[in-house]
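Hello,

Here is the structure I promised to pass on to you. Have a look at it first, and then read on for what turned up in it.

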Amino acid sequence: MNLTNTQLFRGMTQAEIDQLLHCLGAAERQYVKGSVIFPEGEPTSYLGVVRRGQVLLESWDVWGNRTLLGSAGEGAAFAEAYACLPGEPLLIRVTAAEDTTVLLLHVERILTTCPSACDFHARLIRNLLTVCAQKSLQLSRRILHNGSKTIRGRLLSYFSECVKRSGSATFSVPFSRQQLADYLGVDRSAMSNELSKMRREGLIQYEKNTFTVTDGL
């Protein structure tokens, strides 16, 4: 993943990014599938940027039930809100969905500009604020999708957003079936049954993670 294409480093050249990473003391780490990147209940001073692979943002209750809150693919940042709050324990667990490479950045170094106050460091701070705002909106969308009491209602709400965001009736979702069920807070088998019913009724068509809305939502 070329960092010039990421939201966090948007508007910077590769040379500026390289200089910035050196100034920030950035570290790149590799994680195998299933490993924990940031554990729940502990604070972090670092935010992560996915260079390769994907990470999952999960919450586990005391009975061992998991809720998938979201994911971060290549180029996406994660844990930035916690890193900006020193000492705040994570309410989530960040794990590698597959073999993943992550760039770790110390937030205090980001927010403390160097004596030269270079323009691209100030741009990084503005980009970080944008990332935080976008994540807040993502959580709001998830709350909206889970507002329905029915599985179909939650699916329709999520698919409606996907159509609007992609600008097409055909779109791909970034989740497996289990991950989508966790994201919507429903049972996987019940969700799969509902998807089959919706296909029989002509509402949708799908092949693996690619869906097509065949009737108005």
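Predicted model: local features only at pLDDT ≥ 70, side-chain atom pairs only at ≥ 80, totals over all residues.

The buried ones are Arg-177, Gln-179, Leu-180, Ala-181, Asp-182, Tyr-183 and Leu-184.

Next comes a sheet. Four strands form an open sheet in the order β2-β7-β4-β5, and their pairing is antiparallel. The edges are taken by β2 (36–38) and β5 (66–72); each has a single partner strand, so one side of each lacks a neighbour in the sheet. On average, neighbouring strands here are turned by 35° against each other, direction ignored. Strand β4 (residues 55–60) pairs with β5 in the antiparallel sense through six bridges, and Trp-60 stands opposite Arg-66 in β5. This is also where α6 comes back in: the helix packs on the sheet and touches β4 and β5, with its direction at about 110° to that of β5.

Two other helices are worth a look. Helix α5 (residues 151–166) packs with helix α7 (residues 188–200) at an angle of about 70°, and their axes are 10 Å apart. That angle makes α5 roughly perpendicular to α7. Their crossing is right-handed. On the α5 side, the contact involves Ile-151, Arg-152, Leu-155, Leu-156 and Phe-159; they meet Ala-190, Met-191, Glu-194, Leu-195, Lys-197 and Met-198 in α7. Sorted by class, this contact of α5 with α7 has eight nonpolar residues, three charged ones and no polar ones.

Finally, strand β11 (residues 210–213). One face, with Phe-211 and Val-213, is covered, while Thr-210 and Thr-212 form the uncovered face. With strand β9 (residues 170–172), β11 pairs antiparallel over three bridges, and Thr-170 stands opposite Thr-212 in β11. Strand β10 (residues 204–207) also runs antiparallel to β11, joined by four bridges, with Ile-204 opposite Val-213 in β11. In the hairpin of β10 and β11 there are two residues between the strands, and Lys-208 takes a positive phi near 55°.

Enjoy exploring it, and do write back with any questions.

Best wishes

How values were computed:
Residues numbered from 1 in each chain as written. Heavy atoms only, no water. Axes fitted to C-alpha atoms, helices over the stretch in contact; angles between N-to-C directions. Parallel < 35°, antiparallel > 145°, perpendicular 65-115°, else oblique. Left-handed = near helix turned anticlockwise from the far one by under 90°. Contact = heavy atoms within 4.5 Å. Nonpolar A, V, L, I, M, F, W, Y, C, P; charged D, E, K, R; others polar. Buried < 20%, exposed > 50% of the residue type's maximum accessible area, 1.4 Å probe, protein only. Pairing = 2+ DSSP bridges.
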